[in-house]
Amino acid sequence: MELIVRPGKTLFGEVGNHSSFALPGDKSISHRAAIFAAAAEGESHIENFLVSGVTQVMVDCLAKLGNTFELIGKRLIVNGRGIRRWQSSAEPLDCGNSATTMRLLAGAIAASGISAILTGSEGLRHRPMRRIVDPLKQMGVPIECTEEGTAPLRLSRRIGNNLLPLEGYSLSVASAQVKTCLLLAGMSSPGKTVLYEPGLSRDHTERMLRRMGVPVHSNRVRRNGSEWYETRMELSQPFDFPTLYMRIPGDFSSAAFLLAAALITPGSNIIIKGVGLNPTRTGLLEVCQAMGGNIQVQNVRDEGGEPVGDLVVQHSHLKGVQVQGEMVVRMIDEFPIFAVVACFAEGMSSVSNAEELRNKESDRIGQLCRELNQLGAHVQETTDGFIIHGKGEIAGGVAESHRDHRLAMSLAVAGLACRSPVCIRDAEYFRESFPDFGEIFKHLGADFQWEGQ
Ligand code: S3P
């Protein structure tokens, strides 16, 4: 499906909390809520669940393990069997395009002791899985991947014996998916799990576990002359997950497209309500403010252990900025949309220390640079990032999503402020994480036209 975006419209209005034009629930928290609810025995209620491509595959996989789900609007009602009573699935579990589903489920299945095969789309079967397979093996989990270190992942049945505690494992990259996988695997065995990350990845799992009474502590520590983030969990017996009653905050990563669109589209003024503002996620907000972006944060409150607030965003004259180091982890999903913003800024912007972007839904360095240059931007690829020579404008033209939801949406946002229309091929991938993307943008005044539906 193609999306044609015509420039020249001003974005104005509100993306409400509970209205039909509401920001979708957070993807990462929705994934965790579905797994934790299935790990509990009994009925859980999750409000504002993200109903999208990637969360649907998570729910479908958990259903194959014997859990039942009912969706009423955006409320997900889960009847969990309890993690130690999950059933082995004869069929492989298809994780679609979702690495979060695959990596989190691998940890939970390791804790449950059942056998399973985890597979997914061709894109997902190229993404690195040794980062979970190696530490899970160290814990005694019978798991295998391909020789290339990719999916399918095969977990064999584990009978009787507890897993070995992972006391002091260093992750080669900061990754919330790996951290969550290993914490989940550690939930069924007594003992300590101590993990070290080179940067602080999103901490939704730790916040949710703490609310359930699990002692999980995070600290910045110095080891061998450098800074690490330590996550420490200690259990005296296998954990019994309680049922959940929670509301998922709005997804900052989806709000990022709206925020960026208002910043670059002349005359725009929008308010986005109910946005999750967990500091491990909001790097883009700070970077855009440093570029001169007029973004006000209002009405900050706590919702279920996560900070939530409203964002008021106006069109702004932006200048270039440098992004590196720890900031990279705090905006890891926002580089496609950041790059678009940087193209509309005046002056040079650069991103470094971001080689992990090459392992996302697409090579988010190579493909991103190629597509923006295709639209007339001046972007230089580097091994661990890119350099953008911002001219305050881009020409427009035809671009490809590379089956990457965030690339599709970022290119569409660029179209709002280009000199001529932008046509995005394979644009339907936006449904993976933000199914109402088109409707919400139209509600704010954007000129979006779909072809080949
Ligand atoms: C996620 C963690 C991040 C992020 C992904 C969701 C999560 O991946 O890019 O969209 O929910 O834990 P990594 O852990 O691979 O950095």
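This is a predicted model: local features need pLDDT of at least 70, side-chain atom pairs count only at pLDDT 80 or more; totals for chains, interfaces and linings use all residues.

Me: Which strands do seven bridges join?

Reply: Strands of a sheet pair through backbone hydrogen bonds, either parallel or antiparallel. Two strands count as paired if DSSP finds at least two bridges between them. Strands (E, at least two residues) and helices (H or I, at least four) are DSSP runs, numbered from the N terminus. Here, seven bridges link β11 (residues 191–197) with β13 (residues 226–235), and the two run antiparallel.

Me: What is the strand order in the open sheet of four strands?

Reply: The order is β10-β11-β13-β12, and the pairing is mixed. β10 (167–170) and β12 (216–223) are the edge strands, each pairing on one side only. From one strand to the next, the twist averages 25 degrees. Axes are lines fitted to C-alpha atoms, for helices over the stretch in contact, and angles run from 0 to 180 degrees between N-to-C directions.

Me: Where does helix α5 lie?

Reply: Contact means heavy atoms within 4.5 Å. Helix α5 (residues 176–185) lies across β10, β11 and β13, at about 170 degrees to β11.

Me: In which sense do β19 and β21 pair?

Reply: Antiparallel, over six bridges, with β21 spanning residues 385–391. Ser349 has Ile388 as its bridge partner in β21. By contrast, β18 (residues 322–323) and β19 (residues 346–351) pair in the parallel sense over two bridges. There, Val323 stands opposite Val351 in β19.

Definitions and conventions: Residues are numbered from 1 along each chain as its sequence is written. Side-chain values use heavy atoms; hydrogens and water are left out.
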